[in-house]
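Thanks for coming. Please have the sequence and the model open while I talk.

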Amino acid sequence: MPKGFHCGRTQTRLYTTERYRIEASKFKHLLKSKLGRYVISFEKLTDEHRYFEIVDNQRWGRMLLFTFKGNEFPVPLSTDSRSASNKLYLLCPYCARQREHLYAMSYGYACRICAHLYYPSQSEREEDRLMRSIRKLRIKVWGADWPDIYNLLDSSAWWPKPEGMRWATFNRHQSLLLLLEERHLVMMAGLLKIYQPEAKLLQ
């Protein structure tokens, strides 16, 4: 179970972080490789998930061919010619849509939608989501090594503009940060007020 979520409730959702995912970009070199048998190096996967063949198909072109429970499981490779880099996608075997990632399920590989997977952030409480947004924006502006970057009791109002950042960009980020930090303080004050009577009983 993803740490920090559910707040004591029984988990009923499956999350993307609980499943191994294959990335389309990792297979791009196979577009020009020899046909044959290949293996994914992640050893915690089952052999059915690890071993596959590169084959050519008249309809789909080049594709990954896995075998699950004796049945062939094709994952076509698809390039997007609209970009100069010819970005590679994996076609989900269930919805046939272009995906950057597919997730390892017991029955094969599927996209997040077809596998009914959720992002951990979709189960966050409002205050957790707000804290994550503040820290993410702080890191974007000052970097993860900045002192007190994770301390939400310390306001970023007096933190200096990073060298090399435009003032307009810095002012835009700082204005949003101050708004989020103020909202966080109001939210925390409300929570403390809710728990204050209970705290008195423990005295």
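This is a predicted model: local features need pLDDT of at least 70, side-chain atom pairs count only at pLDDT 80 or more; totals for chains, interfaces and linings use all residues.

The protein has 203 residues, and 34% of them are buried. There are three helices and eleven strands. If you read along the sequence, the pattern is β-β-β-α-β-β-β-β-β-β-β-β-α-α. As for contacts, take those between residues at least 6 apart in sequence: 38% of them join residues at least 24 apart.

Now the sheet. Strands of a sheet pair through backbone hydrogen bonds, and the pairing is either parallel or antiparallel. Here we have an open sheet of three strands in the order S2-S9-S10, and the pairing is antiparallel. Which strands are at the edges? They are S2, residues 21–23, and S10, residues 108–110, and each of these pairs on one side only. From one strand to the next, the twist averages 35°. S2 pairs with S9, which covers residues 101–105, over three bridges. If you want a place to look, find Glu-23, which stands opposite His-101 in S9.

Next, the nonpolar cores. The largest has 21 residues, and the ones that touch the most other members are Phe-27, Leu-64, Phe-66, Leu-90 and Tyr-109. Strands S4, S5, S6, S7 and S9 each give two or more residues to this core. Take Leu-64 as an example. Beyond its neighbours within four places in sequence, Leu-64 is in contact with residues including Phe-27, Leu-30, Phe-52, Ile-54, Phe-73, Val-75 and Leu-90. There is also a second, separate core of 14 residues, with Leu-130, Met-131, Ile-134 and Leu-180 among them.

Back to S9 for a moment, and to Met-105, which lies in that strand. Is Met-105 buried or exposed? Its relative accessibility is 6%, so Met-105 counts as buried. Leaving out residues up to four places away in sequence, Met-105 touches Leu-14, Arg-19, His-49, Ala-115 and Leu-117. One of these, Ala-115, is ten residues from Met-105 along the chain, and their C-alpha atoms are separated by 7.5 Å.

Now the cysteines. How many disulfides are there? The count comes to zero. The cut-off for a disulfide is a pair of cysteine sulfur atoms within 2.5 Å. For Cys-92, the closest cysteine sulfur is in Cys-111, 3.7 Å away, so the two are too far apart for a bond. Cys-95 is in no disulfide either, as the nearest cysteine sulfur, in Cys-114, is 3.8 Å away. On accessibility, Cys-92 has 2% and counts as buried. Cys-95, with a relative accessible area of 26%, is partly exposed.

Last, helix H2, residues 126–142. It has 17 residues and reaches 24 Å from its first C-alpha to its last, close to the 24 Å expected at 1.5 Å a residue. Its buried residues include Leu-130, Met-131 and Ile-134, and those three also belong to the second core I mentioned. After H2 comes Gly-143, whose phi is positive, near 90°.

That is the end of my part.

Methods. Residues are numbered from 1 along each chain as its sequence is written. Side-chain values use heavy atoms; hydrogens and water are left out. Two strands pair if DSSP finds at least two bridges between them. Helices (H or I, at least four residues) and strands (E, at least two) are DSSP runs, numbered from the N terminus. Axes are lines fitted to C-alpha atoms, for helices over the stretch in contact, and angles run from 0 to 180 degrees between N-to-C directions. Buried means under 20% relative accessible area, exposed over 50%, partly exposed in between (1.4 Å probe, protein chains only). A nonpolar core is a set of buried Ala, Val, Leu, Ile, Met, Phe, Trp, Tyr and Cys residues joined through side-chain atoms within 4.5 Å. Contact means heavy atoms within 4.5 Å. The expected span of a helix is 1.5 Å times one less than its number of residues.
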